[in-house]
Amino acid sequence: MKSSKREIQSRVHKMPLLTFVDQTLTSFAGLIIFQPLLTKLELKKRLRSCFSHLNAGSIFGHHFILLLLVVHLILGFRRLRDVEYYKDDPLVKRILGLNRLPDVATISRALADADAISVAKAREVCRSVVLERLRKLGLARLTLDFDGSVLSTKRQAEGTAVGFNKKK
């Protein structure tokens, strides 16, 4: 179908008035909506109880490290080294209650220090948070959908349909 010049082009009457306001929003400003949720769930306190039996010799407690990993996933990052992208972000520091974020080596050491008891307690905290919310919702039915594909997508969803041929 052929289009006319009138359908394609438009007249410019006047330049819109643009104003620039000095704001101090960060790249992760949307994280602010999670702060009341984390506070209401008392997640920091619950995570602290998971690691109470471990030696607290580190500046960053194990509960801070685990909470950092939760925020890390909320922000959409998967690799531990991606902490470098937001290490100076004031909002992330505020959510975690820190003035400085730990570096990757500190996070790795803290994760290596976690024992089986800590992992079991952390799983229990996750389970209790989910079950508390499900009880509050009072759902008549809950459907769990497990993805059974074994094809690794490496974080790319395109081309994962049934019959996908990796060689083409």
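This is a predicted model: local features need pLDDT of at least 70, side-chain atom pairs count only at pLDDT 80 or more; totals for chains, interfaces and linings use all residues.
Residues are numbered from 1 along each chain as its sequence is written, and side-chain values use heavy atoms, with hydrogens and water left out.

**Stop one: the largest pocket**

Select Leu43, Leu66, Leu69, Val70 and Cys126, which are the closest to the centre of the largest pocket among its 16 lining residues. A pocket here is an open set of points, on a 1 Å grid over the protein atoms alone, where a 1.4 Å probe fits, with protein on both sides within 12 Å along at least five of seven lines; lining residues have an atom within 4 Å of a point. The space inside is about 330 Å³, counted as that filled by probe spheres set on the points, which are joined across faces, edges and corners.

Next, colour α2 (34–40), α3 (43–50), α4 (62–74) and α7 (116–137), each of which supplies at least two lining residues. These helices are DSSP runs (H or I, at least four residues), numbered from the N terminus. α4 gives the largest share, six residues. By class, the lining has 14 nonpolar residues, one polar and one charged.

**Stop two: the second largest pocket**

Now select Leu37, Lys40, Leu41, Glu42, Arg46, Val129, Val130, Glu132, Arg133 and Lys136, which line the second largest pocket. Its volume is about 230 Å³. Here α2 and α7 each supply at least two lining residues, with the largest share, five, coming from α7. What classes will you find?

Key:
Ala, Val, Leu, Ile, Met, Phe, Trp, Tyr, Cys and Pro count as nonpolar, Asp, Glu, Lys and Arg as charged, and the others, Gly among them, as polar.
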